[in-house]
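Please look over the sequence and the structure before reading on.

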Amino acid sequence: MNTTTPFSLRLSWAQGLFDRGDHVAAATALAELVDEIESSRTAGATGEAVLHSVTDLRLMLARAYFQSAQLGRAESTLTRVIEESPTDSYAHLLLGRTLQRAGRHAEAARPLALAEVLGDYERPQAYGTATPTVTTDTADTADTV
């Protein structure tokens with residue numbers, strides 16, 4: 001899509017991509033929208049793009065990055081969201097999950113704790129911390145004559 005298409009239509013299109021599970025395309029479309037808002041704000045322009053919060057778009061962008069395993073981009077986007085809205089419990093939760101998914105469990109502890117306190121989210125367990133239990137079935141090892 002191009003910038004001559006109304007912002008709201010491009011946003012709906014990006015949300016549709018996300019809803020259909022095309023998170024890579026959704027991330028690309030959302031990143032373009034965020035960049036457009038950022039550039040219009042720095043240029044001092046006003047228009048339809050002002051109707052949408054950059055923080056909300058960034059959070060959706062971070063979700064698309066997370067879902068498409070672009071963890072570095074998700075982390076940096078979420079860091080920006082938390083700077084703009086430090087009490088956003090979902091942003092803290094998603095940052096913690098992103099860090100966990102990247103194998104950085106110790107770093108994930110703080111944002112997960114904040115998500116639990118701020119938003120009453122249950123603190124998720126770290127990936128890979130559970131030890132698998134191995135059971136042996138003695139019936140399978142019995143000798144047959």
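Which side chain meets that of Glu107 in a salt bridge? The partner of Glu107 is Arg104, at 2.7 Å from N to O. The model is predicted.

## Salt bridges around Arg104

Arg104 also forms a salt bridge with Glu75, where the closest N and O atoms are 2.7 Å apart. Glu75 belongs to helix α4 and Arg104 to the loop between α5 and α6, so this pair ties together parts 29 residues apart in sequence.

Glu75 is partly exposed at 22% relative accessibility, Arg104 is partly exposed at 29%, and Glu107 is partly exposed at 43%.

The salt bridges number 7. One of them joins the side chains of Glu38 and Arg80, at 3.6 Å from N to O. Glu38 sits in helix α2 (residues 23-43) and Arg80 in helix α4, so that the pair links distant parts of the chain, 42 residues apart. Relative accessibility is 25% for Glu38, which counts as partly exposed, and 36% for Arg80, also partly exposed.

## Helix α5

At the start of α5, a side-chain oxygen of Asp88 comes to within 3.1 Å of the backbone nitrogen of Tyr90. Gly103, with a positive phi near 80°, follows the helix.

Because 10 of its 13 residues are buried, α5 is largely enclosed by the rest of the structure. The buried residues include His92, Leu93, Leu94 and Leu95. Packing of the buried residues of α5 is against α3 (54-67), α4 (71-84) and α6 (105-119).

Conventions. Residues numbered from 1 in each chain as written. Predicted model: local features only at pLDDT ≥ 70, side-chain atom pairs only at ≥ 80, totals over all residues. Heavy atoms only, no water. Buried < 20%, exposed > 50% of the residue type's maximum accessible area, 1.4 Å probe, protein only. Helix = DSSP H or I, 4+ residues; strand = E, 2+ residues; numbered from the N terminus. Contact = heavy atoms within 4.5 Å. Polar contact = N/O pair within 3.5 Å; in protein donor to acceptor, adjacent residues only side chain to side chain. Salt bridge = Lys/Arg side-chain N within 4 Å of Asp/Glu carboxyl O.
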